[in-house]
Amino acid sequence: MSLSTTLEKIKEQFDEGIVTLHQPLGQDTAVVSASVIVDLARFLKEDSALRYDYLMDMTAVDYFKKTPRFEVVYQFLSLKNLTRIRVKVPVDAEKPEVESLVSLWPSANWYEREVYDMFGITFRGHPDLKRILMYPEFEGHPLRKDYPIDRRQPLVGPQD
Amino acid sequence: MAEPRTETMLLNVGPSHPAMHGVIQIKAELDGEIVRKADIEIGYLHRAFEKHCETGTYTQCFPYTDRLNYVSPLISNFAFATGVEKLMGLNIPERCSYIRVIMSEISRLTDHLTCVGASAMELGAFSVFLYMIKAREWLYELVESVTGARLTISYGRIGGVKADLPEDFEQKCLEALQKTREVLEEVHELLSGNRIFYDRMRGVGTISAEDAIGYGITGPFLRSTGVDYDVRKAFPYLVYDRFDFDIPCGDHGDNYSRYLVRMEEMEQSIRIIEQALDQIPEGPTNVDPEGQVIAPDLMADLGKFGKTAGLLQNEVLIQPTLQGSEKRYHEGISTALKTASLPPKEQVYSNIEGLMNHFKIIMLGHGICPPQGEVYCPFEGANGELGFYIVSDGTDQPWRVRSHPPCFPIMAALEKILVGGQMADIVATFGSVNMIAGELDR
């Protein structure tokens, strides 16, 4: 199957850093290494033909016991062409860190806080990386596969 | 004479506040009446939806999706079901698509009615709230007659819906819609030209189209700025491409525009439902993984058909609500392989094969196993794009379910919208955000 216009363009533009380009179930997907994510995102956003102006969603997946363990998943949308692309960045368990996209999209701010909160992946260059859904005293990262579902950490105030 | 004091004051709004429908906290820094800084704290209603989905089967995710947006639960139900169907490559029957459209639009109506009603109440228009809740009640009654519940409906199924529409649904639905339309006209007369309402809403809580896009905002909130992005038109799903409807857009991006957009969207939803009721075909409402339609009399396990033939004739007739019996839902279901759709309840309660089929789908380690892969499935929720990103590892339990909540980006942008405005406008703006803590915190 031939690649879509977006994926062809990415292929032309980037020599290094692309792991795979494919279209599972007809959805454009690019797997890229962490070193190029900001450049790729800027290219998607600013290329006059592509214009992916939305960072629609951002999350991560914990492929426990596989290496690399995590994958940060971005969903972009282009209002101009009405196309979507999913960009995935494999992240190592040893040093789970990715460059932040806050400078490109303000929406990345809260999404990155959530990924940090749930998976413990940190984002370089994020202005205020703190927990968003859980409370600051919470230990661990609940959406990691090694966090047991029945572990309770009630936040109890002063007892007296 | 002493110098006037000039320091700012910190005011906590929420997490438990009468004007905050939903538990969030706004730490507002006030300079007199002007908001200088607003720190938004969310997460008070976090129930680990995504974590729970990983521990159960695909079927068991449905009750959780009800509790995402509890004002329009049907949309999240169908969005999740459609995501899994995409993973499995299932094409659902036409009738089921129409039912999903009708029920989604009813949900959109209830959502907008709640939002507009509640935000009007917070500005003092209490009668509007009562009128709109009255209309919502008629729609909830419809939902109840179809699904058996008002809020926690769990009506979606992978490859179909729980049950067909009741026999008198069309007539009841048209009546309810007509009455709702009258309520909307009444509300228009009461609010749209009302001096107090207008002054409190116009020019308040303004956001530009660029900012809205940058923050990833979708739905009525985005359309109030003039961008006509609606998933139903941009990426038509189910059978939305068969209906004639408009995407209302505002031009100011303020609270009043959002109010008008929501009012007009309700009118458009009514139009869609009326067309769908007109076009809806007869036929099965569920599908097997191969997409085959098979005659109901072949439903029983063929190897044991001789033994169960007598039993099948003693079917129990039940309603989806399990309250009494009227209509046979047996014919509506076309499961051949019995590995995707739950068998009809008449069989589950009347013969051993039905019961076994039921448990084969419900039991851990046996149920629906989509092939390995991942999918992102966008739907137009009442507040904007509701997306499910589902990763399957080939077993009966999802490896990862991510729900993209439509009001999350709006809440991220809320500080920008509130700063520079009046303290009293927090309530009006927050009302028009229509934050649903269930889907925000998941």
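A:Lys65 is exposed, with 9 other C-beta atoms within 10 Å; exposed stands for 12 or fewer such neighbours, buried for 20 or more, and partly exposed for anything in between, with C-beta atoms placed from the backbone. This is a predicted model, where local features need pLDDT of at least 70, side-chain atom pairs count only at pLDDT 80 or more, and totals for chains, interfaces and linings use all residues. Residues are numbered from 1 along each chain as its sequence is written, while chains are lettered from A and ligands numbered from 1 in the order in which they are written.

- Most residues other than glycine have a negative phi, and most peptide bonds are trans.
- A:Lys65 has a positive phi, near 70°, and is not a glycine.
- The loop between strand 3 and strand 4 of chain A holds A:Lys65 and also A:Pro68; helices (H or I, at least four residues) and strands (E, at least two) are DSSP runs, numbered from the N terminus.
- A:Thr67 and A:Pro68 are joined by a cis peptide bond, with omega about -10°.
- A:Arg51, another non-glycine, has a positive phi of about 55°.
- A:Arg51 sits in the loop between helix 2 (37-46) and strand 3 of chain A, and is partly exposed, with 15 other C-beta atoms within 10 Å.

**Where the chains meet**

- Chain B puts 30 residues into the contact and chain A 26 residues, a contact being two residues whose C-beta atoms, placed from the backbone, lie within 7 Å.
- Elements of chain B giving two or more residues to the side that touches chain A include helix 1 (49-55), strand 7 (384-392) and helix 15 (407-418).
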